[in-house]
Amino acid sequence: MGKNLVIVESPAKAKTIENYLGSDYTVLSSVGHIRDLATTGPGGLGVDVEDHFKPNYKNVTGKSKVIKELKQASKNAEAVYLATDPDREGEAISWHLADVLGLDVNLNRRVVFNEITKDAILEAFKHPRAIDMDLVRSQESRRILDRIIGFKLSKLLQSKIKSKSAGRVQSVALKLIVEREKEIQKFESKEYWSIHAMFERESAKIEAELVKKANKKIAIANEEEVKAILSELSDPYVVEKVEKKNKSKQPKLPFITSTLQQEAASKLGYNAKKTMTIAQKLYEGINIGSETVGLITYMRTDSTRLADNFVDATKSFIKQTYGANYVKTGATNTKKVKNAQEAHEAIRPSSVTRTPEDMKPYLKRDELRLYKLIWERAVASLMKSATVEATTIEVRSNDYLFRVNGQILVFDGYLRVYSYEETKNAALPRLTEGDTLALVDVDPQQHFTQPPARYSEAKLIKEMEELGIGRPSTYAQTMETLKNRGYVTLEDKKFKPTDQGILTSDKLAEFFSEFINVEYTAEMENNLDEISKGQKVWYDELKGFYDHFMPMLENAQKNMEKIAPVEIGEECPECGSPLVVRRGRYGEFIACSGYPTCKYIKKEAKEEAAPISTGVKCPKCESGEIVEKKTRRGKVFYGCNQYPGCDYALWHKPIDKKCPKCDSLLVVKGKKNEVQCPNKECDYKEE
């Protein structure tokens, strides 16, 4: 055992960090949380509401062995350092570890780092601090709040409308999806038209769109209006305006959690869960031959800040690789995100010199694609803007004005690196004001207004972020919960609420509109953030919520209509009560309406698929046929269809041909489908 013990929460990074620290340190893992709220006490909340919402914790199931090992290791250690993730959840895990292991939370033994590289780890261990109890209380308050809402509302909805669960953030996200669906259903499409004209001068052509009449924006409602306009168009068609402007296109900021999820969805087709799973692996460490190293910084962050050493190294890299004219000058752009934890950094590569091309041999395809996205976005953010020359040409006929816009890329800037954006060149012919054009063709086009689009994962995450609902670290889990509860389905990668999802949202809106809404949820997030800064007392905030929430819950318990199960028109064979459709953990099933007095559940009749014939006559009974079968565990074998009258069976597919040596049926075996004799005492193989 080393002199010092370091505890992290992930086994994947324990070995890497131990290698960096050397022989004086032993690094062990808690494998995530070791404790959670108990389900004891009134309502199973695990919280003493009467005693300032004091939580009652229990060890997580299956963690006894881990806790025992950590206790033993901590007793033998000279010092114990807690190096869990650099966020509120990580701070809470460190506090739970300290509490269980009997460590002094006031000692400077909490180590925080944003990347798993040797330099970052060694530097972090030079500056340990005490556990931040404000961060712990913020996480604890969030957990208690979610427990109260989740347990109370879920139990209510299960008993009244058979919905599986509700949650503080989950239910507001569902509300957004349901409200969008209702907008779509109410939407009435309206007709409108556009008119496009093709003009020519000395073989140069431009296509322009009609935009104004009498210097006012034009709106064309129907075909009759189109015909009236066309009758008023006439020569001459004169170039009234040619305007050229240089426009800058600025690079986007480096990724935070939410923008990474959005961009990975739109550019790579990854859902939020997949993105975070891959990012976690890139952060915790990849074997790159000579060492195991974290390729990116911590992926749960809402800060766009970049460390000074990364900025300096990256600007030097850009200068050497692309030229000094590509390096962004002046202050580095950042975006102030409300309540962002500024000690954190944006998601970036741990070293700019580990280019995607260099990392290609060490990463799987999906890992490489996400790493490339992160690397390019971070590097591009420190490069100069792209410049385009934008040209606008306006053509007049009587009172009507046509317009066409074009552009050419003058300087590619950050686009040299960021391959996920492109600026298309749309060059226009050289025309001057006063030029007369010939009208080649007019193309009226009919359109209809479209309803608002359903939310994709990326769009929903963006909406939640802008509204201040939840935290980036929870978005992926929220998406998964909505799908797993059967509240939404995905159609063309967009969320469509199910009937149960709509019912759930409507009932919550009817009885809990003050809590299940965007404004309250965002306000609660602000309160939790203020707790993390020591600006509010955690149990006072919980009491204010609880005292307001409970009367609403009591009203809903009394007045929310209970939906009766659907009868299927059959009687229970055991007690004669109607059989009904019920919903359980694994979906719908048919059971007795007399539950719990009668616990009858109808077993599903399994339709057995017709056996697949091999066309080979059974050599044993000579009356049956060999068919494909499966064992109880699903393994394929071949046997006589006269079973149990005939028990002839083979593991390999037979052919209608006998072995010339022993007269057994020949079979097809192996990846090369070689014809062989199945008799172990016979070695016949067809060449």
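## Cis peptide bonds

Pro236 lies in the loop that connects helix H7 (223–232) with strand S11 (237–249). In this predicted model, the peptide bond between Asp235 and Pro236 is cis, with omega at about 0 degrees.

A cis bond also links Tyr643 to Pro644, where omega is near 10 degrees. Pro644 belongs to the loop between strand S24 (636–640) and strand S25 (649–650).

## Positive phi angles

Most residues other than glycine have a negative phi. His52, a residue other than glycine, has a positive phi near 55 degrees. His52 sits in the loop between strand S4 (47–48) and strand S5 (54–55), and its relative accessibility of 47% makes it partly exposed.

Asn398 likewise has a positive phi, near 55 degrees. The loop that holds Asn398 runs between strand S14 (386–397) and strand S15 (400–411). With a relative accessible area of 44%, Asn398 is partly exposed.

## Nonpolar cores

The largest nonpolar core contains 137 residues, of which Leu153, Leu370, Phe512 and Phe545 touch the most other members. Beyond its neighbours within four places in sequence, Leu370 is in contact with Leu260, Ala264, Leu268, Tyr270, Thr275, Ile278, Ala279 and Leu282.

One cavity of 30 Å³ or more is present in the structure, and the volume of the largest cavity is about 40 Å³. Its lining is formed by Ser141, Arg142, Leu145, Met524, Leu528, Ile531, Glu541 and Leu542.

Three helices each supply at least two residues of this lining: helix H5 (133–161), helix H16 (518–532) and helix H17 (538–559). By class, the lining comprises five nonpolar residues, one polar residue and two charged residues.

## Cysteines

The structure contains zero disulfides. A disulfide is a covalent bond between the sulfur atoms of two cysteines. For Cys572, the closest cysteine sulfur is that of Cys598, at 3.7 Å; this separation is too far for a bond, because a disulfide requires sulfur atoms within 2.5 Å.

Cys572 is buried, with a relative accessible area of 4%. Cys659 is also buried, at a relative accessible area of 3%.

How values were computed
Residues are numbered from 1 along each chain as its sequence is written. This is a predicted model: local features need pLDDT of at least 70, side-chain atom pairs count only at pLDDT 80 or more; totals for chains, interfaces and linings use all residues. Side-chain values use heavy atoms; hydrogens and water are left out. On a 1 Å grid over the protein atoms alone, a cavity is a set of points where a 1.4 Å probe fits but cannot get out, and a pocket is an open set with protein on both sides within 12 Å along at least five of seven lines; lining residues have an atom within 4 Å of a point. Grid points are joined across faces, edges and corners, and a volume is the space filled by probe spheres set on the points. Helices (H or I, at least four residues) and strands (E, at least two) are DSSP runs, numbered from the N terminus. Ala, Val, Leu, Ile, Met, Phe, Trp, Tyr, Cys and Pro count as nonpolar, Asp, Glu, Lys and Arg as charged, and the others, Gly among them, as polar. Buried means under 20% relative accessible area, exposed over 50%, partly exposed in between (1.4 Å probe, protein chains only). A nonpolar core is a set of buried Ala, Val, Leu, Ile, Met, Phe, Trp, Tyr and Cys residues joined through side-chain atoms within 4.5 Å. Contact means heavy atoms within 4.5 Å.
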